[in-house]
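Please open the structure in your viewer and keep the selection tool ready.

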Amino acid sequence: HDGGTGASRWTGIKHAGLPFELGIAETHQTLVLNGLRGRVSLETDGCLRNGRDVAMAALFGAEMFGFATAPLIAMGCIMMRKCHLNTCPVGIATQDPELRLKFKGQPEHVVNYLFLVAEECREIMAKLGYKSIPEMVGHAELLRPKADMVKRNPKLAGLDLSALTMNPSALKSTVLNLKDVDSWLKENHKIQEQDHGVGDDISEGLRVVDHHLLASVVAAVKGTKHTVVGEYHKHNLVGQTLLKGATKDVTTFADALTHLRATGGAVEIVTDVTNLNRSMGTIMSNEIAKVLGEDATPFGPNPLAPSTIVVKTRGSAGQSFGAFLAAGIELDHEGDTNDYIGKGLCGGKIAVYPSTASTFAAEHNIAIGNVALYGATGGKLFVRGIAAERFAVRNSGASAVAEGCGDHGCEYMTGGRGVILGPVGI
């Protein structure tokens, strides 16, 4: 388990953290014994480098596998551990145009490496008698400690790994639901698809809020009304207003956006949200990108005008609020938000402030969750309150203001600007 972020200290890489085997084995067993394994896909990562590692991870219970260090090396990384300094000598982890010219990696390098990993894994699967990954997921009983390694190191002699290499069926007696336990034990990988409300073929009340934001823009341009209460996601879209510009009879969001841009128009939408409303603004940003291409970002020759679409929200917003938010969109949120607000922010604007009815001092309380502005490339974030840990991590272009932040603020940040007006750290 010696992978990890390239900028980490060597002592941290060698001695901090836990091997993936512990986490994935316990997670898989717990989900199986509670009848939930068939509903989710499990991914693991941490020093996965070859086909043997992938096969072991699958037997412990994973069906997806994360690679980081090894593909980076395939692309030319020489592990200088300068990822946070913007001085990567091979042009990978840097925004410096001169250093980026030194990048010699090719997609084929990574593809070739992963083909070799897959080939080795396939050979191991053949030896075990499995034709696919789903067949072998969770069969940890096929794993054994290396006897020769145990003999060489007396400290390993008393190490009992049976809890890791145990099939969940061996723990059947611990399950209280005797009626369903037999069917649960047959679910060793994801077999049930979940409906997240993003399709076009589901009822209006079950669709995610972004679909209603698109419909609200069309309604505002037409001069009509669109309101909805989410049956599952619990949002309450109150209404919309055409702030600037003239109305026009349009039928699609693309037509409405084109009209707003041509006339300098602007739309305001008001909705209540809950923490079930995840990635709010992302689908709308995607639709803008389909119409405008690079102009949906701050890097285009003619970006969409700021605040063309203003969405005023109230409540406790879910994860990834405003993720990948495109230029021209403004999210004005009264309340608090979960983790990953503004993840991948790409030109949009987000403001978060406490409810006018609140009695606490905003500058002394957490307003947004962890890892705000992760990988943001442009845009603005204003927080009336304290940001949690890893604020603006890997930000390379966005500007942000907060009244304090937790540990590791602005970590690996290579561009943009972060202004912290209060305390930093725990």
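**Stop 1: two neighbouring helices.** Select helix H2, residues 20-33, together with helix H3, residues 51-60, in this predicted model. Their axes come within 8 Å and cross at roughly 30 degrees. Angles under 35 degrees count as roughly parallel, and H2 and H3 are therefore roughly parallel to each other. Now display the side chains at the contact. On the H2 side, select Phe 20, Glu 21, Ile 24, Ala 25 and His 28; on the H3 side, select Asp 53, Met 56, Ala 57 and Phe 60. Coloured by class, the contact of H2 with H3 shows six nonpolar residues, one polar residue and two charged residues.

Stop 2: Keep H3 selected. How many of its ten residues are buried? The count is nine, and H3 is thus described as mostly covered. The buried residues are Gly 51, Asp 53, Val 54, Ala 55, Met 56, Ala 57, Ala 58, Leu 59 and Phe 60.

Stop 3: Arg 81 is partly exposed, with a relative accessible area of 24%.

Next, select Cys 77, Cys 83 and Cys 88. How many disulfides are counted? The count is zero. A disulfide requires two cysteine sulfur atoms within 2.5 Å. For Cys 83, the closest cysteine sulfur is in Cys 77, at 6.3 Å, which is too far for a bond. For Cys 88, the closest cysteine sulfur is also in Cys 77, at 6.5 Å, again too far for a bond. Are these two residues buried or exposed? Cys 83 counts as partly exposed, at 29% relative accessibility, whereas Cys 88 is buried, with a relative accessible area of 10%.

**Stop 4: the open sheet.** Select the nine strands of the open sheet, in the order E3-E4-E5-E6-E7-E8-E10-E12-E13. The pairing is mixed. The edge strands are E3 (228-229) and E13, each of which pairs on one side only.

Stop 5: In general, strands of a sheet pair through backbone hydrogen bonds, either parallel or antiparallel.

- Strand E8 (residues 346-353) and E10 run parallel, joined by five bridges. Val 352 stands opposite Val 383 in E10.
- Strand E10 (residues 378-383) and strand E12 (residues 396-402) run parallel, joined by three bridges. Leu 381 stands opposite Ala 400 in E12.
- E12 and strand E13 (residues 415-420) run parallel, joined by five bridges. Val 401 has Val 419 in E13 as its bridge partner.

Stop 6: Select Ala 392, in the loop between strand E11 (386-387) and E12. Ala 392 has a positive phi of about 60 degrees although it is not a glycine. Ala 392 is buried, with a relative accessible area of 0%.

Then select Gly 422, in the segment after E13. Which residues does Gly 422 contact, leaving aside neighbours within four places in sequence? They are Ala 402, Glu 403 and Gly 404. The C-alpha atoms of Gly 422 and Ala 402 are separated by 7.8 Å, although the two residues are 20 residues apart along the chain. Gly 422 is partly exposed, with a relative accessible area of 28%.

**Stop 7: the whole protein.** The C-alpha atoms fill a box of roughly 80 × 60 × 45 Å along the principal axes. Of the 426 residues, 41% are buried. Among contacts with a separation of 6 or more, 50% come from residues 24 or more positions apart.

How values were computed:
Residues are numbered from 1 along each chain as its sequence is written. This is a predicted model: local features need pLDDT of at least 70, side-chain atom pairs count only at pLDDT 80 or more; totals for chains, interfaces and linings use all residues. Side-chain values use heavy atoms; hydrogens and water are left out. Axes are lines fitted to C-alpha atoms, for helices over the stretch in contact, and angles run from 0 to 180 degrees between N-to-C directions. Helices (H or I, at least four residues) and strands (E, at least two) are DSSP runs, numbered from the N terminus. Angles under 35 degrees count as roughly parallel, over 145 as roughly antiparallel, 65 to 115 as roughly perpendicular and the rest as oblique. Contact means heavy atoms within 4.5 Å. Ala, Val, Leu, Ile, Met, Phe, Trp, Tyr, Cys and Pro count as nonpolar, Asp, Glu, Lys and Arg as charged, and the others, Gly among them, as polar. Two strands pair if DSSP finds at least two bridges between them. Buried means under 20% relative accessible area, exposed over 50%, partly exposed in between (1.4 Å probe, protein chains only).
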